[in-house]
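Please open the structure in your viewer and keep a selection tool at hand. The tour below moves from one selection to the next and says what can be found at each stop.

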Amino acid sequence: MSAHEWKDLPLLTDRLELSIERNVTRRTVGDPELFVTALILELDQDTVRIMDRGHPPPIAVGPHGARILATAPALPLGLKELSPVPGLTTLHRLQSSEVLVLYTDGISEARNSDGDFYPVLERLTEHFRGTQRTDPEAVVAFLETDTRNWSATSEGDDQAVLAIALI
């Protein structure tokens, strides 16, 4: 794993970019999926350092509700030739009662029968505001059920959620 070899997030991101570049040359011509959105994270006690390569921003969920952790988005991995700017790292502090939530655009782009996108931040705030301590498993279960109930159809984009509690 490159993460063990490259302790610096920008260097790790460069290595990931290189790996994608190598694999793209092996793919067939005309493949539209020659890029990868990603959040590259470094967790350390009560802080998270983030490099955003075109991915939905993470959310911190806790007793106060939910808040987006602002990032400095750069182009997805695999699109380096379009912009030489590698992106910036952002740093955020998390409260011990908060859970870090990472999700794919299949969650945030789920649509109801009116065509409205799923309001991730608002729904997490409504559901978890006032809780003593947020449980990562409860966050994942809530998003799975709530987006399924919100969505007009069960077909659509892939959905994935990862919830992390810092100890």
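How many of the seven residues of β2 are buried? Six of them are, so β2 is largely enclosed by the rest of the structure, where buried means under 20% relative accessible area, exposed over 50%, and partly exposed in between, with a 1.4 Å probe and protein chains only. This is a predicted model, in which local features need pLDDT of at least 70 and side-chain atom pairs count only at pLDDT 80 or more, while totals for chains, interfaces and linings use all residues. Residues are numbered from 1 along each chain as its sequence is written, and side-chain values use heavy atoms, with hydrogens and water left out.

Select β1 (38-44) and β2 (47-53) together; helices (H or I, at least four residues) and strands (E, at least two) are DSSP runs, numbered from the N terminus. β1 and β2 pair in the antiparallel sense over seven bridges, pairing being assigned if DSSP finds at least two bridges between two strands. Ala38 stands opposite Arg53 in β2, and two residues lie between the strands of this hairpin. One of the residues in the turn is Gln45, with a positive phi of about 50° although Gln45 is not a glycine; Gln45 is exposed, with a relative accessible area of 65%.

Within β5, Arg93 is the bridge partner of Thr47.

Now move to the open sheet of four strands, whose order is β4-β3-β6-β7 and whose pairing is antiparallel. β4 (65-68) and β7 (161-165) stand at the edges with a single partner strand each, so one side of each is left without a neighbour in the sheet. Inside this sheet, three bridges join β3 (residues 59-62) to β6 (residues 99-103), and Val61 stands opposite Val99 in β6.

Finally, select helix α5 (residues 136-150), which lies across β6 and β7 and runs at about 160° to β7; axes are lines fitted to C-alpha atoms, for helices over the stretch in contact (heavy atoms within 4.5 Å), and angles run from 0 to 180 degrees between N-to-C directions. The buried residues of α5 are Val139, Phe142, Leu143, Asp146, Thr147 and Trp150. Seen down the axis of α5, these fall within an arc of 115°, so they line one face of the helix, the arc being that of the directions from the helix axis to the C-beta atoms. The face turned away from the buried side of α5 carries the exposed residues Glu137, Arg148 and Asn149.
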